[in-house]
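Hi,

Here is the structure I said I would pass along.

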Amino acid sequence: RVNATVTRLNLLRNKFTVDGAQLLVEAAQAKGDQIKTLIGIEEGQTSTGLRLVSEHLGDADAVLIAFDLRVNATVTSLNLYCNDIGNVGAEDLAGALRVKATVTRLDL
């Protein structure tokens, strides 16, 4: 029997609703600092920034990205150019950016 602990998930590009993505974020937050990423960020990947260009990402994906921005102190650059993020996703990202001073560059 193996006791494994999940710390990293990549849930981007699924067909979650915004409500579903918010429930996933709440579940991850309930685990304290156990869950490091919901969008698949690998250790050290963000040294040059997070580039998610033309990935067909929507509002639910933005909710997941916002979670990662809140818990991942290494993200300094975020490129979300040419995606389908609307007002709901933008609000969640803005909320994360308000509390995350390490992001110094954002491309939409």
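**What I found**

The backbone nitrogen of I41 lies 3.1 Å from a polar atom of the T37 side chain. For scale, a polar contact here is a pair of N or O atoms within 3.5 Å; within protein, one must be able to donate a hydrogen and the other to accept it, and residues adjacent in sequence count only if both atoms are side-chain atoms.

Before going on, a word on the ground rules. This is a predicted model, where local features need pLDDT of at least 70 and side-chain atom pairs count only at pLDDT 80 or more, while totals for chains, interfaces and linings use all residues. Numbering runs from 1 along each chain as its sequence is written, and side-chain values use heavy atoms, with hydrogens and water left out.

Back to T37. You'll find T37 in the loop between α1 (18-30) and β1 (50-51); helices (H or I, at least four residues) and strands (E, at least two) are DSSP runs, numbered from the N terminus. Is T37 buried or exposed? T37 counts as buried because its relative accessibility is 0%. The scale is under 20% relative accessible area for buried, over 50% for exposed and partly exposed in between, with a 1.4 Å probe and protein chains only. Leaving out residues up to four places away in sequence, T37 touches T7, R8, L9 and D68, where contact means heavy atoms within 4.5 Å.

Now the overall layout. The protein chain has three helices and three strands, and from the N terminus on they run α-β-α-β-α-β. The strands make an open sheet in the order β1-β2-β3, with parallel pairing. β1 and β3 (105-107) stand at the edges with a single partner strand each, so one side of each has no neighbour in the sheet. Strands count as paired if DSSP finds at least two bridges between them; β2 (residues 77-79) and β3 have three, in the parallel sense. N79 has D107 as its bridge partner in β3.

How many does a search of the whole structure find? There are two, a salt bridge being a side-chain nitrogen of Lys or Arg within 4 Å of a carboxyl oxygen of Asp or Glu.

- R105 and D107 meet through their side chains at 2.9 Å, N to O. D107 is partly exposed, with a relative accessible area of 23%.
- R13 pairs with E55, and their closest N and O atoms are 3.3 Å apart. This pair links distant parts of the chain, 42 residues apart: R13 is in the segment before α1, and E55 is in the loop between β1 and α2 (59-71). Both ends are partly exposed, R13 at 43% relative accessible area and E55 at 25%.

A bit more on R13: not counting residues up to four places away in sequence, R13 touches E55, L57 and D61.

Finally, some totals. Buried residues make up 39% of the 108 residues in the protein chain. Among contacts with a separation of 6 or more, 85% are between residues 24 or more positions apart. The chain exposes about 6,500 Å², and carbon and sulfur atoms supply 49% of that; the areas come from the Shrake-Rupley method with a 1.4 Å probe, and for residues only the protein chains shown count as cover.

Cheers
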